[in-house]
Amino acid sequence: MTTYTAYAPGRINLIGEHTDYNLGFAMPIALEERTTVTFEPDGSDRITLASDEEGVGSAFDVTAQPGDVDGWASYAAGVVWALAQAGHPVVGGAMSVHSDVPIGAGLSSSAALECAVLLSMNAATGTELDNLDVARLAQRGENDFVGAPTGLMDQLASLGGEVDRALLIDFETSSVEPVAFELDAHDLVLLVVNSNAAHQHSTGEYRARRESCTRAARELGVDTLRDVQGEDVLERIGDSVDRARVRHVLSENQRVLECAKAMASGDFRRVGTLMDQSHASMRDDFEITTPHIDLIAESLGVHGALGARMTGGGFGGCVIALVPAPDVDRITTAVTSDIAERGFPDPTIFTARAGRGAALVNDRT
Ligand code: GLA
C-alpha cells in the first residue's frame with residue numbers, strides 16, 4: 001500500500017487582525033510547529049482518522065454533508081467535502097494525524113489540519129492545485145461544513161510560509177509578498193505567551209464582528225471595507241459600535257502596511273510600537289481582547305518588550321511580543337508572576353520562528 005504524508009504548520013499573525021474578510025492586509029508567519037497527516041488510501045468511501053493527541057479515533061464517509069460530523073474530525077471532513085463539491089476526486093482510507101500545534105490557542109491548529117489533509121488527499125488522487133486554490137477549499141470547508149465564518153489568512157500563511165520571512169498578504173488580490181523577518185540579526189526574539197484560555201470561532205463573537213463590518217460596508221455603499229478610507233468615512237456610520245469596529249479595520253490596515261516597511265528596513269522599535277497600537281485597537285475599538293489577555297500584553301510592555309499584542313481571532317489564545325534576546329528569561333519570569341498575582345491560570349511561554357509552509361513529504365510504497 002502506498003502512503004502519502006503531508007505537513008502544514010500553524011501560524012502567528014504578527015499584525016492585521018480581522019482584516020482578511022474585509023479584503024484588507026495582514027502579515028502572518030508560518031510556525032515551525034506543524035501538523036502531519038499520513039494517508040493510506042484503500043479505495044473505500046470511508047476515512048478513518050487517528051490522532052495521537054486526542055487519543056480517540058474518528059471516522060466519516062467521504063460523502064458526509066455539513067452537520068454529519070462533529071468535533072475536530074469536522075475540519076478534515078470539511079475539506080474532503082469541499083474538494084468533492086469542487087469536482088475533485090476524493091477517496092477513503094486511513095489518516096493518521098500528529099501535531100505539535102497547540103489547540104485552541106489562536107495558532108491555527110485547524111488550518112494546519114485542513115491543509116495537511118488536503119495535500120495528502122490531493123497527492124493520493126493526483127490532483128494538482130496551487131496554494132490559493134488549496135487555501136480557498138480549506139476555507140470553504142471551515143465556513144460551510146464546520147460553520148466557522150473565518151477568512152483566508154490562516155490557510156494562506158500555513159501554505160505559503162518561508163523561513164525568516166513574514167508574509168504581507170493583500171486579501172483583495174490574494175497576493176502574498178515575503179518580507180524579511182530576521183530577528184537574530186537584531187538580537188530579538190518573538191515570545192509567545194499562551195494564556196491557556198481557549199477560544200472558538202464558530203461561536204457568536206467572531207460572527208458578530210464580521211456582521212458589523214458587512215453592515216457598515218452596506219451603509220457606506222461599498223462591497224467591502226477595502227473600498228473606504230479616512231476619518232470622514234466614520235462619521236457616515238450611524239451606529240457607534242459599528243463605527244468603532246470600522247475604525248479598527250481601517251487603522252489596522254494602515255498599521256500593517258507601515259509595519260511591513262518598518263520591518264523591511266529593520267526598524268523593530270517602530271514594529272513594536274505598531275504592535276502596541278494594534279493591541280489597543282483590538283481592545284478599545286474591536287473589543288476582542290479580555291482582561292486576562294490585556295494584562296499579559298501590558299505586563300510584557302512593562303518588563304521590556306518592544307511591543308506586544310494578542311494574535312488571532314480573539315477572546316483568549318496567545319499574546320506575542322518582540323523581546324531583546326538577553327531579556328527572555330527575565331521577562332518570562334516577571335510576566336508569569338504578574339499573571340499568577342492577578343489570579344489567572346499559568347501561561348505556557350515559548351519562542352517562535354518563521355518556518356516553511358506546508359509540503360508533501362513523500363509517497364512511500
Ligand atoms: C481567525 C480566522 C482568520 C482571521 C483571524 C483574525 O484566525 O480564522 O481568518 O479572521 O481570526 O484576524
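Me: At what angle do the axes of helix H5 and helix H7 cross?
Reply: This is a predicted model, in which local features need pLDDT of at least 70, side-chain atom pairs count only at pLDDT 80 or more, and totals for chains, interfaces and linings use all residues. Residues are numbered from 1 along each chain as its sequence is written, and side-chain values use heavy atoms, with hydrogens and water left out. Helices (H or I, at least four residues) and strands (E, at least two) are DSSP runs numbered from the N terminus, while axes are lines fitted to C-alpha atoms, for helices over the stretch in contact, with angles from 0 to 180 degrees between N-to-C directions. The axes of H5 (residues 204-220) and H7 (residues 240-264) come within 9 Å, and they cross at roughly 95°.

Me: Which residues of H7 meet H5?
Reply: Contact here means heavy atoms within 4.5 Å. From H5, the residues taking part are Arg209, Ser212, Cys213, Arg215 and Ala216, and they meet, in H7, Asp242, Arg245, Val246 and Val249.

Me: In E7, which residue is the bridge partner of isoleucine 169?
Reply: Two strands pair if DSSP finds at least two bridges between them. Strand E6 (residues 165-170) and strand E7 (residues 175-180) pair in the antiparallel sense over six bridges. Within E7, the partner of isoleucine 169 is valine 176.

Me: Which residue in the turn between E6 and E7 has a positive phi?
Reply: The two strands form a hairpin, with four residues between them. The turn residue with a positive phi, of about 60°, is serine 174.

Me: How far from an oxygen atom of the ligand does a polar side-chain atom of aspartate 20 lie?
Reply: For histidine 18, a backbone N or O atom lies 2.7 Å from an oxygen atom of the ligand. For aspartate 20, the distance from a polar side-chain atom to a ligand oxygen atom is 2.5 Å.

Technical notes: Polar contact = N/O pair within 3.5 Å; in protein donor to acceptor, adjacent residues only side chain to side chain.
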